[in-house]
Amino acid sequence: MPRPLPQTPSRRSKRGKPLATSSEEADNLYRAWSGQPLYIRPINRVLDEDIRQLDKEAEEEDEDEDETVFYMHLEMEKRAVFERTEDSRATYQVGDTVLVESDGLSRTKGPPSIGVILAMWEIRKNGSQDASDPAKMWIRLQWFLRPGELGAHGAKREPLQNEIYYKINGRDIIRPQCILSHCNVTSKPPATTQLSNTKGRPNAKRGPGYTYELSDVQGGQRNFYCRFAYQTKGDQRGFYNVDWEKHRDGANASTTNPPLEIDLEWGSGALWDVELPTAHKRKKSVKNDADKSESEEGNATDDNFEAPSDVETDDPVVEDGDEGESDDSAFYGGRNEPRTPSKKRKRGTSELQSPKKRRNTYLATPRKPGKRTIVHPTPHSKAALKKRAKAKGSTDKFAIRPETLSFSAHDLSHLPEDPWLRSMNVLHVGSRPDALPCREEEFEKVLRCVGELLEEGSGGCVCMTRINFSPYKPAQLQTIVHARLKTVKDYLEEDAQEALSDDAVKLAAMKVSAISGDARRVLDICRRAVELAMAEKRTARAPEVTEVIRAMQNSPTAAYLRECSFHERMMLTSLIKCIKREGVQEIKWGEVQHQHLVYMNVLTSSSDPTRKPTAGELTQVLDSLVASRAMLIEDGAATQRKPEADRLVVLNLDQSEVERILGEVGGTRWKNVLST
């Protein structure tokens, strides 16, 4: 049989395909053929070698000296952690679906890609009996695409959990060491209809040679669902129904049965291609596309192509985002042949007829439909809408949260019938009530604002501003504590001893409201008082509360804050003021400096220094607080390029305790500033 003329290698496009690259450590994995050769033919360098790997020596070699040897099975050392069993090697064969390492040389790792093995071969000298060279082993894959790999301008649909798409014309050549493990692909829908996350790949920095863990493959899942084939380009771009099991069995049977004669095209994987249906011209109106509902789009998939099939089917669903194209380019399944545009002529008109002028007509450049502008309501429109609502007799109001202060959802049956133990449990800060007590007015205000915006019907976003909750008053703090203790009484007998007396609760509420008004602080004080009385099985009263408050005031943090210098206390106060004003914990250093200089005119007394510090002196104060870990400052290579005033600082102490101690040390003026 005469040999065909040598072909010039052409560049294979990798656009729209995963880039299979292995890490450096994977190149040293054991890999060898298993079994006898499946088929031997002369080399076809266009099909048998990756153009990216060709070098000058390979191009200068005589093709008569090389041959391509195909194999059915490949034995290779396992890579993925979840496949590590007693047998450290895995066997792959033609037709297996596998996970492939993508971007192996990159520090940013994404989930593995999915493919099916179409052919496996090596290139050797004619008649050579030497051992196989791993550097000349190749595998041809057919890619599947994850929803996140379709591209920003591709057709879109809502994927199911672990759903992938069979890529039409998605064949590629990779090295065996790029394969991670086996996986399963089925056309049976998953048990749950949970939609998968179609966002980008996770941004996890991992060095070269990273070994995939269980969480890298969809949370350890190696089962994928395929119901559609996807065409990435051309007029027939879109999704096509495909029966994966039927398509795989038919293509694999033809691939594993080699021909009796020499065929230079054998092993190309062409039998795995999904044939697109014969295109029928059907004009797709832009207006109809815009008005098409989701139900119509779902019903259109009934006419999609199902491969393989010899029966000609209806038009596939082509979902492209080019809404501004002309009607000629909006056909279903249009061909790519160049066509001469034809002019449209009116029927029934004479060529000698004089042109007539038409009224209210002019020539204008066609424009794309613009975005709808949302008009903000004016005072007149607000009044008109309210008047219209009253005329219609609208009396619906937004429901406020139930005014319940109980812990009905807090089950205490798992605890012993001990009033002290159960009281300590409900007084813990982590125990959440059904509703937040003593904040009904704030919630009503928020819901009223939202209701007014919705009733206006002006559209747009509803922007909520930050709401500053005022500190709790003594009566409110007592209500919060008694609401929690009431649950303990409901679960115990009527004659059970109380763990905390009313006078102890009143004393703790008065002490906390005078300093910060923080409900968490009064809950902590009451819980510790009950803990002190628990040893003697008696009711906790005012002496226990006083002892707890004294111990909290003598904490290491309190002792440190009392020993701070004037400017250190001033800087902590300035940071707390910025935190309350901005509503965030991280504050720019320049804002803290400015607030520090402002407070020099407010908080200084006759015994305090009145000279305003310079920027260098404020930096020294910051360094002192950072060294004692009272404050933290942003650090790192990226922050070194920032201006010094833009670096972020954060308070590393309990804010309520800092406010309390600074208010005690500084006096009434400092206490008033810290409470606002």
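The side chains of glutamate 536 and arginine 538 are joined by a polar contact of 2.5 Å; a polar contact is a pair of N or O atoms within 3.5 Å, where within protein one must be able to donate a hydrogen and the other to accept it, and residues adjacent in sequence count only if both atoms are side-chain atoms. Glutamate 536 lies in the loop between helix 11 and helix 12 (542-553). This is a predicted model, in which local features need pLDDT of at least 70 and side-chain atom pairs count only at pLDDT 80 or more, while totals for chains, interfaces and linings use all residues. Residues are numbered from 1 along each chain as its sequence is written, and side-chain values use heavy atoms, with hydrogens and water left out.

**Overall architecture**

- The protein has 18 helices and 18 strands; helices (H or I, at least four residues) and strands (E, at least two) are DSSP runs, numbered from the N terminus.
- Of the 676 residues in the protein, 39% are buried; buried means under 20% relative accessible area, exposed over 50%, and partly exposed in between, with a 1.4 Å probe and protein chains only.
- The protein exposes about 40800 Å², and carbon and sulfur atoms supply 49% of this area; accessible areas come from the Shrake-Rupley method with a 1.4 Å probe, and for residues only the protein chains shown count as cover.
- Among contacts between residues at least 6 apart in sequence, 76% join residues at least 24 apart; contact means heavy atoms within 4.5 Å.

**Exposed loop residues**

- Glutamate 536 counts as exposed because its relative accessibility is 56%.
- Lysine 233 is placed in the loop between strand 14 and strand 15, and its relative accessible area of 60% is the reason why lysine 233 is exposed.
- The C-alpha atoms of lysine 233 and isoleucine 168 are separated by 9.6 Å, although these residues are 65 residues apart along the chain.

- Helix 7 (residues 419-426) is mostly covered, with six of its eight residues buried.
- The buried residues of helix 7 are Pro419, Trp420, Arg422, Ser423, Met424 and Val426.
- Their cover includes helix 9 (474-490) and helix 11 (519-534).
- The N-terminal end of helix 7 is capped by aspartate 418, which has a side-chain oxygen 3.1 Å from the backbone nitrogen of tryptophan 420.

**Aromatic rings**

- There are 12 aromatic pairs; rings of Phe, Tyr and Trp (its six-membered ring) pair if their centres lie within 6.5 Å, and planes under 30 degrees apart count as stacked, over 60 as edge-to-face and the rest as tilted.
- Phenylalanine 228 and phenylalanine 239 form an edge-to-face pair, at 6.0 Å centre to centre and with 70 degrees between the planes.
- Because phenylalanine 228 lies in strand 14 (residues 223-231) and phenylalanine 239 in strand 15 (residues 238-241), this pair ties together parts that are 11 residues apart in sequence.
- Both phenylalanine 228 and phenylalanine 239 are buried.
- The rings of tyrosine 230 and phenylalanine 239 have centres 4.9 Å apart and planes at 45 degrees, so this pair is tilted.
- Tyrosine 230 is buried, with a relative accessible area of 1%.
- One aromatic cluster is formed by Tyr39, Phe70, Trp121 and Trp266.

**Charges over rings**

- Arginine 89 lies over the face of tyrosine 30, at 3.8 Å from the ring centre; a charge sits over a ring if NZ of Lys or CZ of Arg is within 6 Å of the ring centre and within 35 degrees of the ring normal.
- Arginine 175 lies over the face of tryptophan 138, at 3.8 Å from the ring centre.

**Buried residues and their contacts**

- Glycine 115 lies in strand 8 (residues 113-125) and is buried, with a relative accessible area of 0%.
- Glycine 115 and tryptophan 143 are 28 residues apart in sequence, yet 4.4 Å apart in space, C-alpha to C-alpha.
- Not counting residues up to four places away in sequence, glycine 115 touches Asp96, Thr97, Val98, Leu141, Gln142, Trp143 and Phe144.
- Glutamate 659 is found in helix 17 (residues 655-666) and counts as buried at 12% relative accessibility.
- Leaving aside neighbours within four places in sequence, glutamate 659 is in contact with Ser516, Ile576, Lys580 and Leu674.

**Cysteines**

- The structure holds zero disulfides; a disulfide is a pair of cysteine sulfur atoms within 2.5 Å.
- Cysteine 183 is buried, with a relative accessible area of 5%, and cysteine 226 counts as buried at 0% relative accessibility.
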